[in-house]
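Student: I have a chain open here and want to go through it with you. Can we start with the charged pairs?
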Amino acid sequence: TAQSIYQIISNKSQYSDIYKIGLILSVVLTAGACSGQLDTIQEYLDAGETIYAAKMDSVDIRPGYNRVEVTGLLKYGMDTERCVIHWTPDNDSLVVPVKRIDPVDTFRVFIENLPEGTYQFEIVTYNKSGYRSISTSKGSKTYGDRYISSLRVRSLLSTEVEGENLLLNFSSEMAEALATKVFYLNSAGEKQEQEVARGDNQIKITDWKPRGAYEVKTYYIPEVNAVDTFSVSSTGVFPEKIVEMDKSTFREIILDNDIRLNAWGGALWKAWDNAYENTNYAHSDNTNPIVFPAWFTFDLGETALLKRFDLFSVVRDDLNYNGGNMKSWEIWGREDEPVNSSWDGWTKLMTCNSFKSSGKPVGENTDEDNAYIAKGEKFDFPSGIPEVRYVRIKVLDSWSGQGYVQFSEFTFYKSE
């Protein structure tokens, strides 16, 4: 007190009376000033001690699809009983019961049905005595259809059948995308998936269902700590698998008015014996000319959806685009076995015209002409044709225009 201080300094003979009076006044004034400062916090002092519950530690809010995940650690206060999360701008809240088991427990809860936008969250814990913790505030976003609409699926540019395999060619990868996967069916109809590896624009599928549905999905996350992965997709159908038909099942059928192809050592069966020499052929009798159109008939040995026809003419310098090599013809088919020579029940599948790139007249061929005819000519059947087993080829004209027909080999391809 001021009096005590006065007594102390009064015992010091070295102080003057004037100094003593000044010091006493200074102490009294200081004491008065302290008394005034206490008035500003007196109400808190009167309220007594404030007790807080244990605060959640390491709080994180992970954004997701119209939701967030709130996580944290409960490290203190084994009597923590509940957590209350309040958020704006919805001015809504969620009460989560807490049951402490371990000294350090993980807290994890999803808040669902939050429309896409930005939110501010306040997290408070309460103990069993009803005391609350100091609050933790954190902001987070939610993502929804607006975000998804900004994403792009990686484009499947083309598919290629390579033997028994299917090659899928993709556009360049997007750096912001996590991954792209293809979902499809194998030949047994089982669901499969394959990822397009980073840096690759092509994948090979070794077992696939022809004309089977597929889906391409590209995956994204909006933020590093996002709780949900987003995806966009495109769908399609794989191409048909085209395979060569088994020629061992082919057989000749001779109907009334069919031409015979057995002159000069030739035979129709030689058209499917896989021998391509110019001495191995089917050949009609040129000494007894035929009148175009003329036709012949055979059995494929199975009902099939035809996809391609390859014709190999008799290749020889003087016969290329000449002689009885076919210039134009029609391919007809039916599923049931013909019982007579009538055209009733037959369906025209396509018309074929032999191609000569130079356009030069008969007897004048370029090296390109000769190289092309030597490789055989390929003709694709149009879509929408029926499945057939029996085939009739109607020859409309030969390259020389003379009344006979010759060719070395032909091959049919079917859809598998």
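Student: How many salt bridges does a search of the whole structure find?

Tutor: The search finds 25 salt bridges, each being a side-chain nitrogen of Lys or Arg within 4 Å of a carboxyl oxygen of Asp or Glu. This is a predicted model, in which local features need pLDDT of at least 70 and side-chain atom pairs count only at pLDDT 80 or more, while totals for chains, interfaces and linings use all residues. Residues are numbered from 1 along each chain as its sequence is written, and side-chain values use heavy atoms, with hydrogens and water left out.

Student: Which residue forms a salt bridge with Arg67?

Tutor: Asp228, and the closest N and O atoms are 2.6 Å apart. Arg67 sits in the loop between strand 1 and strand 2, and Asp228 in the loop between strand 13 (213-220) and strand 14 (230-237), so the pair ties together parts 161 residues apart in sequence. Strands here are DSSP runs of E of at least two residues, and helices are runs of H or I of at least four, numbered from the N terminus.

Student: Is Arg67 buried or exposed? And Asp228, buried or exposed?

Tutor: Arg67 is buried, at 19% relative accessible area, and Asp228 is buried as well, at 14%. Buried means under 20% relative accessible area, exposed over 50%, and partly exposed in between, with a 1.4 Å probe and protein chains only.

Student: What does Lys307 form a salt bridge with?

Tutor: Its partner is Glu240, with the closest N and O atoms 2.6 Å apart. Lys307 counts as buried, at 15% relative accessibility.

Student: And which side chain meets Lys414 in a salt bridge?

Tutor: That of Glu302, at 3.0 Å from N to O. Lys414 is in strand 25 (residues 409-415) and Glu302 in strand 18 (residues 294-304), so the pair ties together parts 112 residues apart in sequence. Lys414 counts as buried at 17% relative accessibility, whereas Glu302 is partly exposed at 25%.

Student: Which residues are linked in a network of salt bridges?

Tutor: Arg251, Asp299, Glu337 and Arg389 are linked in one.

Student: Back to strand 25. What does Thr411 touch?

Tutor: Thr411 lies in strand 25 and counts as buried, at 2% relative accessibility. Not counting residues up to four places away in sequence, Thr411 touches Glu244, Lys247, Tyr276, Arg308, Phe309, Asp310 and Phe312; contact means heavy atoms within 4.5 Å.

Student: What joins the side chains of Thr411 and Lys247?

Tutor: A polar contact of 2.9 Å. That term covers a pair of N or O atoms within 3.5 Å; within protein, one must be able to donate a hydrogen and the other to accept it, and residues adjacent in sequence count only if both atoms are side-chain atoms.

Student: Where does Pro103 lie?

Tutor: In the loop between strand 4 (92-97) and strand 5. Pro103 counts as exposed, at 59% relative accessibility. Leaving aside neighbours within four places in sequence, Pro103 is in contact with Leu74, Lys75 and Met78.

Student: Last one: how many helices and strands are in the chain?

Tutor: Five helices and 25 strands. Buried residues make up 41% of the 416 residues.
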